[in-house]
Amino acid sequence: MRKIAILNKLINSGVIAVIRADSKNEALSVSKAIVKGGITGLELTFTIPNAEELIRELKEKYANNKEIVVGAGTVLDATTARIAIMAGAEYIVSPFFDQKIAEYCNLYQIPYFPGCMSITEISNALKAGVDIIKLFPGSAFGPSFVSAIKAPLPQVNIMPTGGVSLENMDQWFANGCVAVGVGGNLLAPAKTGDFDKITNLAKQYIQQFEAIRGDK
């Protein structure tokens with residue numbers, strides 16, 4: 001039941017913020033700005049120094065907010081997956097499919113989103129119990145690729161990361177995506193320390209998603 005609850009919260013959030021930063025403190029400031037803007041799905045990549053500590057801190061900070069979902073990204077092996085899950089990560093994302101990561105996540109009933117680029121990779125991931133496929137990099141394909149995949153595999157749930165913007169987000173959902181991952185476009189203002197701008201961008205992404213979903 002826990003796994004289903006996490007998946008439902010992520011799908012309801014619609015927009016997952018993929019957070020990369022040069023330091024844990026920068027990533028913490030970015031995360032706070034994003035949550036302030038209304039995005040509730042956070043993917044903390046393991047390219048951030050001491051990422052497991054950041055996951056633990058964010059889980060504690062937002063313990064009373066049941067909508068916030070904190071996950072770990074750029075997880076390259078099962079050992080890192082275990083470190084992330086023990087720190088409190090509620091889902092695991094990797095840039096490629098890894099059978100051992102899938103098995104470990106299944107053991108702990110944690111959703112696993114592997115990056116896939118082909119029908120073969122996607123079918124192998126589905127056989128391993130993966131619930132959502134991360135189409136990565138999305139910029140290499142475009143929204144129409146999603147409907148092409150879903151023609152032979154209508155049951156697949158897809159979340160593109162890379163190449164998603166405010167201008168094309170509606171196209172991704174129109175072609176059948178269950179959520180989108182947003183990184184560079186959202187995080188760019190962090191380089192100049194403009195965290196208020198990140199909050200404003202986060203608000204725009206949520207407003208756009210609500211419009212797509214028909215909430216407004």
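Trainee: Why are α1 and α10 called roughly perpendicular to each other?

Mentor: This is a predicted model, and in it the two helices pack at an angle of about 95°, with their axes 10 Å apart. Angles of 65 to 115 degrees count as roughly perpendicular, so α1 and α10 are given that label.

Trainee: Which residues make the contact of α1 with α10?

Mentor: Helix α1, residues 2-13, contributes I11, N12 and S13, while α10 contributes I206, F209 and R213. These residues divide into 3 nonpolar, 2 polar and 1 charged.

Trainee: A211 is also in helix α10, which covers residues 195-213. Why does A211 count as partly exposed?

Mentor: Its relative accessibility is 44%. Buried means under 20% and exposed means over 50%. The value lies in between, so A211 is partly exposed.

Trainee: How far apart are A211 and G162 in sequence and in space?

Mentor: They are separated by 49 residues in sequence and by 21 Å from C-alpha to C-alpha.

Trainee: What makes a set of residues a nonpolar core?

Mentor: The residues must be buried, of listed types such as Ile and Leu, and joined through side-chain atoms within 4.5 Å. The largest nonpolar core here has 64 residues. I19, I34, I39, L42, L44, I92 and L186 have the most contacts inside it. A second, separate core has 12 residues, including V69, V93, M159 and V178.

Trainee: Which residues is I92 in contact with, leaving aside its neighbours within four places in sequence?

Mentor: Among them are A72, V75, I85, I101, C105 and F113. P111 and Y112 are also in contact with I92.

Terms used: Residues numbered from 1 in each chain as written. Predicted model: local features only at pLDDT ≥ 70, side-chain atom pairs only at ≥ 80, totals over all residues. Heavy atoms only, no water. Buried < 20%, exposed > 50% of the residue type's maximum accessible area, 1.4 Å probe, protein only. Contact = heavy atoms within 4.5 Å. Helix = DSSP H or I, 4+ residues; strand = E, 2+ residues; numbered from the N terminus. Axes fitted to C-alpha atoms, helices over the stretch in contact; angles between N-to-C directions. Parallel < 35°, antiparallel > 145°, perpendicular 65-115°, else oblique. Nonpolar A, V, L, I, M, F, W, Y, C, P; charged D, E, K, R; others polar.
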